[in-house]
Amino acid sequence: MLAIGVRYLMGWSMAAADGVAKQHPEWPPHPDRLFMALTSACYEAECGDAAEAALEWLENQPPPGLAFSQASYRRIVTSYTPVNDTKSPKLKERKEPTKDQIKNGLSLLPESRSRQPRQFPVAIPSNPDVYFIWSGSDTCEHHEGVGILCRNITALGHSASLVQAWYCDNPPPANLIPTETVSDQRLRVPSPGRLKHLVHRFNDVAIREFGALTAKHKTANSKQKKMLKERISHQFPNGEPQCLRPDPARLQGYRRAGNLGNAPEIPSSWFDARILVLRRTSGRPLGLESTLLLTEAARKMILSRCHDPIPEWISGHTADGKASKALHMAVFPLPHVGREHADGHFLGLAIAMPRDVQDAEIAQNLAWLNDCNEFGHSRPVDIYNGKHVDWQVSLEQSGFPPQALRIETWTRPSRYWATVTPIVFDRHPKGAEKENQAVEMVATACERIGLPQPTCVMLTEISPFTGVPHRRRFPPMLRKHDQGRMHHSHAVFYFETPVSGPVLLGAGRFRGYGLCRPFYAAGEG
Amino acid sequence: MVSELNFDALSKAVTGSAAAFRCTTEYQPMGGQGDKVFPPTYEGGKYATEERILPGYEEPVPCVLLNSVQSEANHMELALLDAWEEGKIKLPVITVDFSGNDLEKELRVTSLEAPHRIADALLRDSQLEGVMFRETEQGRRLDFVDNKNATALLELCPTALLFGMWDSTGPKGGLGAKFARTIVSEIIGINCLMGEKTSSRLDPAQIMREAGPLYLAKKGGWTLDPMEAQQVKGKPETLGKDGKPSEANHGNIPPLISDGGFTIEKAMQTTVLSLPALRRLKFPMNDGPADIAANNVARTLLAALGLLAATLTRDKGMDLRSRCQLFPTAGFVWELLDNPGEEPKKYSLNSEQAITLFGQVLKKAKEKNLPWMVEELVLKPSPQLTVLVKKSQELAVSTAGAAEGE
């Protein structure tokens, strides 16, 4: 294994994810950014042949995994930095300068200098250390070269983004790994030929040579001037060599590592914890009462983009049109709840897959998730139903999303869970024991998605999360055969030991009802 | 254990493999904990706020930028300028001196104050003994500087090597020499809470808005008589847009309450001096290749200058802007960041020690024949610029007279 550790010495990273626009900080740092910094170190610090060989070797390796922490972002503000292209106007003799000429001339002085707007996007990770990990690489030959390169790196991103880098023997496990299937993010990575391209575009050797010849020409006598001029023309027929910005490196899909860092012995549902989070980027705000409308529109969008035959794990139906008995794709909203002033409005929605579906199959059927622009950002897709739902969503790729859009909000291990949308019962509880029946149905619903039976279930009219409406404000689901209303209820329940999510219970679990969230009881750590 | 940073330790750090010197300093407002501070506002009146996940806090902590990287660099340059003017350090300084031109107000701008340092347009458009600066012997040498040939900058403007420079308007235009900064500093307020500010004015003369309009007077100043006013297209010219008494600074301003200022738990300044960045610089002399020993001394000299700049600003107390003065709550300790995972060595350094250390390294540099301009290089502004500045000052005086009703 080869790993490079990078520590942001100021505690933040200043690098833009969107090129010259500089409206979005980049986090985590892309592997190609590291490669470019290593290349710069190699040549500017004259690291030697071993370092150059290490670079050539590195660009031929598969893309690395990354281990990094979440980051928050500094608010993007516009600074005004003084320009340097001001010139003093030429004045005519015996003529009074005009107001404009005075203004232009004064702009040379520091206090009157014109300024241009600039933005400096900053990401602040909770842990300033990031690791780039190439698993399975045989590093013996290039250990030294990589070490030399690391010691000579100065910054990653803007020149103010000072870093320390080192060859690392024992990195933490990667939490973002390259994938050829559905990806959460796309990062730029080096590939074979990248080093040559960077050296060619930087063009340092030619620029220095041209500079040296030009300097000699300036101080030479007339005979030497002529000779030097000829030499310059011959060696540089296209004029002064330029230093050009390199082309962007290729994009590689990345996905969060499988277990999200949870211990393997923690019971988890049969839904994959790596839920796909789609952020609402435009469209009418919706609240929890619109759950069914939203998920229905989202399902239609997903199905419309699938090729025939649509797999059972997406449609929820077998080949002969019957309802599938197996776990299938679930779509659920991601509301802002549980915080002060929360009002339950949706920040986005999520798609949960059955755990046993292969990544390649997901990628094949949800290929639209991998559609991205030149910066690796997911392109938005439309979700609408012609009436109330008119959204655009895109794959959530920021490093520090709002709480509702964070996977761990809905999946982290907990003993205590509570509903955000009510649990729909398979059948209507009746008789004197109807409450017990309902409690039993909740317990069964947990088992149905692979969780143990809860120790205790309490049915409630309201949810303990701020912003969640009373259960009566949720439109009921209707039975297909007679359009009868299906009974639903909020609930709070707990298990003997922590379980991890996503926890989606009851007859509405594939359509956004029965969505549960970890709920910490008083006194629980 | 904290040791005093001496020449040997500094030299060893610069010539070794350590990554950086870093100093983290905590501050409180001069008015004491709980007093409000006013961070810089950006376009639209916004503050640069952020949340940080910090040890000891369960939830993300709201923070606000109190002094940016660029502003910190400016403060460090001004601290060096003060020390130089007080005769405490010998530093290459280039000054554009407007004196001797009979100006209303004398003006001097040094390379430590010019926005783009030695590459600034003001220096470019100034003269040394009648020759445009970039055409002089000193100026021409700047045409050929780069990382591997930084001697001219060491001699004439070493702060450009510390704080960065881009010679964007020299002979090579946008492809001119670029030097990345080697020292970065920033101050943030931690666990901040936005407050409110008030503003108002009570006019002692209680002049009402309806007392106007005021006009620009033919003889200077302002007048209420349209017949005595300057005429524009046959109409009397109002003072300002519509001749309100407030254009002449009269009248009340009603009380306003708006968001402004923050209380903070503490402020934290982080300063990092990058040693790999210094190691990239080379200092050839006498048209020969760079001497390794001379390179090391030159880099050590720059390191000493950077540490000096950072220490001087800390020792003076951070007077960042109106209602934003901070006082350090502890001494300054520099960590030498070497092997990750190892406890960094720690060094203390106050202003006196930093000045002494700088002097010691400068002496070593002289022994290595490294150039260091000790005499101030005084440039004169171009005649055209002088005319324009003079005219502008004259106009400013007459406009100020108008505002005061002379």
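## A buried pair in chain B

At 10% relative accessibility, B:Asp125 counts as buried, because the cut-off for that class is under 20%. B:Asp125 forms a salt bridge with B:Arg124. The closest N and O atoms of the pair are 3.0 Å apart. B:Arg124 is buried too, with a relative accessible area of 13%.

## Model and confidence

This is a predicted model. The predictor gives the complex an ipTM of 0.89. The pTM is 0.79. Chain B has a mean pLDDT of 90. In that chain, 97% of the residues reach 70 or more.

## The interface of chains A and B

In chain B, 67 residues are in contact with 61 residues of chain A. The two chains bury about 5,300 Å² between them. Carbon and sulfur atoms account for 59% of that area. Three residues of chain B lead the list: B:Lys148, B:Arg280 and B:Leu388. They supply 13% of the area that chain B buries against chain A, more than any other three residues.

Charged pairs also cross the interface. The rule finds 7 salt bridges between chain B and chain A. Over all chains the count comes to 39.

B:Glu50 and A:Arg74 meet through their side chains in a salt bridge, at 2.4 Å from N to O. The pair crosses between chains. B:Glu50 sits in strand β3 (residues 49–52) of chain B. A:Arg74 sits in the loop between β4 and β5 (78–82) of chain A. Both B:Glu50 and A:Arg74 are buried.

A:Arg74 has another partner in chain B. It forms a salt bridge with B:Glu186, and the closest N and O atoms are 2.9 Å apart.

## A loop pair in chain A

The side chains of A:Glu461 and A:Arg472 meet in a salt bridge at 3.7 Å, N to O. Both residues lie in the loop between β20 (456–460) and β21 (488–499) of chain A, so the pair ties together parts that are 11 residues apart in sequence. A:Glu461 counts as partly exposed at 37% relative accessibility. A:Arg472 is exposed, with a relative accessible area of 62%.

## Strand β20 of chain B

Strand β20 of chain B covers residues 324–328, and its side chains alternate. B:Cys324, B:Leu326 and B:Pro328 point to one face and are buried.

β19(B) and β20(B) form a hairpin with 2 residues between them. B:Arg323 in the turn has a positive phi of about 60°.

## A sheet in chain A

In chain A, 3 strands form an open sheet in the order β2-β7-β4, with antiparallel pairing. β2 (13–14) and β4 (71–73) stand at the edges. Each has a single partner strand, so one side of each is left without a neighbour in the sheet. Here 3 bridges join β4(A) to strand β7 (residues 122–125) of chain A. A:Tyr73 stands opposite A:Ala123 in β7(A).

## Helix α8 of chain A

Helix α8 (residues 291–304) of chain A has 14 residues. At 1.5 Å a residue it should span 20 Å, and its end C-alpha atoms are 20 Å apart, which agrees. The buried residues of α8(A) include A:Leu292, A:Leu294, A:Met301 and A:Ile302. A:Arg299 is also among them. The buried residues pack against elements of chain A including α9 (312–315), β14 (330–335) and β15 (346–352).

Note on methods
Residues numbered from 1 in each chain as written. Chains lettered and ligands numbered in written order. Predicted model: local features only at pLDDT ≥ 70, side-chain atom pairs only at ≥ 80, totals over all residues. Heavy atoms only, no water. pLDDT = per-residue confidence, 0-100. Buried < 20%, exposed > 50% of the residue type's maximum accessible area, 1.4 Å probe, protein only. Helix = DSSP H or I, 4+ residues; strand = E, 2+ residues; numbered from the N terminus. Pairing = 2+ DSSP bridges. Expected span 1.5 Å × (residues − 1). Contact = heavy atoms within 4.5 Å. Buried area = accessible area lost by both parts, 1.4 Å probe. Salt bridge = Lys/Arg side-chain N within 4 Å of Asp/Glu carboxyl O.
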